[in-house]
Amino acid sequence: MTTLDVKKPRARSRGLRALEPLAWIGPAIVLIALVVIWPVVEMIRSSFLEISRLGVVRGSAGLANYDKLFAEKDFADVMLRSVIWVVAVVALTVLLSLALAQLFNQRFPLRKLARWALIAPWAASVLMTAIIFKWMLDPEVGVINQIRLQLGLIDAMGGAAADQLGDAATAMPWLVFVAVFVSVPFTTYALLAGLATIPSDVYEAARMDGAGRLRTYWSITLPLLRPALTVAALINVMNVFNSFPIIWAMTHGQPGYSTATSTILMYILKGSDIGESAAMSVVNFGMVIVLTVIFLKVSRWNKEVA
């Protein structure tokens, strides 16, 4: 047997060993391709097709679906409202969660019970939570209206028949409140996990240097909490932008499109023009990417903590 004949099996053996990782990551790659990449490709392809309400493809539509979408008189308002919706919900969620995480990180009586209670809005179905709040805001029999009556606030808030969800000026704050209500538990627990990773000796060193609580929180806690805060906020940005159950269950995006976001508009368009709805999906997908990139740029997620 020549030296060349010996080297060939060894080369094949090394080649097989190099392919061994594929046995582990292969299923994940296939899953990502089927669940993420293929739907995105189909979504983009559908946005350039003329599709009937029954789902029958009639041929290519070119850019007609996008032209029709951008010509919608409420399109610009819906997109602006979507951005405001995301910024308002995520900002309030993060601020409240920072305070709650700091509170629940302290030792106090019944702390475990309080932590368990915080999970309830997160564990419950988002759709169920939205429906409950809609019932509570019923202008005639809702418990919130009854509280307003008992406090003598009926006239100041529009009278006994005032529908808090019937006017965008009052509906949007309630929608934001419910979105924050269901988002705070996850964000708080993510920040609590981040606080648990901060070593206690850095706080001892700060106390020895004479740093006060606010100075310690600003200079030590927040910088060291940034990785957990970035992940929690980023997940909230993506979830809130694509949020559907809260707005749909409480207002259906009405009156008109005054409480609709891009996701709601996409669903409404699906009933009349699937191609235009697909175009809205592509725009929505692009907006998520843009908001994510802007957030990562502003948060400086890849910068080392000094």
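Which residues make the nonpolar surface patch of about 730 Å²? That's where I'd start with this one; bear in mind that we're looking at a predicted model.

1. **The greasy patch.** The answer is Val30, Leu31, Ile32, Leu34, Val35, Val36, Ile37 and Val41, which together make a nonpolar surface patch of about 730 Å². Take Val36 as one of them: this residue sits in helix α1, which runs over residues 3-46. Its relative accessible area is 44%, so Val36 counts as partly exposed, falling between the 20% and 50% cut-offs.

2. **Aromatic pairs, and one to look at.** The ring-pair count comes to 10. Among them is Phe133 with Phe177, an edge-to-face pair with 5.7 Å from centre to centre and 75° between the planes. What I like here is the sequence separation: the pair links distant parts of the chain, 44 residues apart, with Phe133 in helix α5 (residues 126-136) and Phe177 in helix α7 (residues 168-196). Buried or exposed, where does Phe133 fall? Phe133 is buried, at 9% relative accessible area, because that value is under the 20% cut-off.

3. **A stacked pair.** Now Phe244 and Trp248. Their ring centres are 5.6 Å apart and the planes meet at 20°, so this pair is stacked; the cut-off for that label is under 30 degrees. Both partners are partly exposed: Phe244 has a relative accessible area of 23%, and Trp248 has 22%.

4. **An aromatic cluster.** Elsewhere, Phe48, Tyr66, Phe70 and Phe75 come together as one aromatic cluster.

5. **The largest pocket.** How much space lies in the largest pocket? About 530 Å³. The lining has 16 residues, and the ones nearest the pocket centre are Gln102, Gln106, Tyr203, Arg207 and Thr216. Two helices to display alongside are α8 (200-208) and α9 (213-241), as each supplies at least two residues of that lining.

6. **Back to α5.** Met128 also lies in helix α5, the helix that holds Phe133. Met128 is partly exposed, with a relative accessible area of 43%. Which residue's C-alpha atom is separated from that of Met128 by 8.8 Å, despite being 121 residues apart along the chain? Ala249 is the one, with 8.8 Å between the two C-alpha atoms.

Methods
Residues numbered from 1 in each chain as written. Predicted model: local features only at pLDDT ≥ 70, side-chain atom pairs only at ≥ 80, totals over all residues. Heavy atoms only, no water. Patch = residues over 30% accessible without salt bridge, like charges linked within 9 Å, V, L, I, M, F, W, Y side chains within 5 Å. Areas by Shrake-Rupley, 256 points an atom, 1.4 Å probe, with all protein chains shown as cover. Salt bridge = Lys/Arg side-chain N within 4 Å of Asp/Glu carboxyl O. Helix = DSSP H or I, 4+ residues; strand = E, 2+ residues; numbered from the N terminus. Buried < 20%, exposed > 50% of the residue type's maximum accessible area, 1.4 Å probe, protein only. Phe/Tyr/Trp six-rings, centres within 6.5 Å; stacked < 30°, edge-to-face > 60°. 1 Å grid on protein atoms, 1.4 Å probe; cavity = no way out; pocket = protein on both sides within 12 Å on 5 of 7 lines; lining within 4 Å. Points joined across faces, edges and corners; volume = space filled by probe spheres on them.
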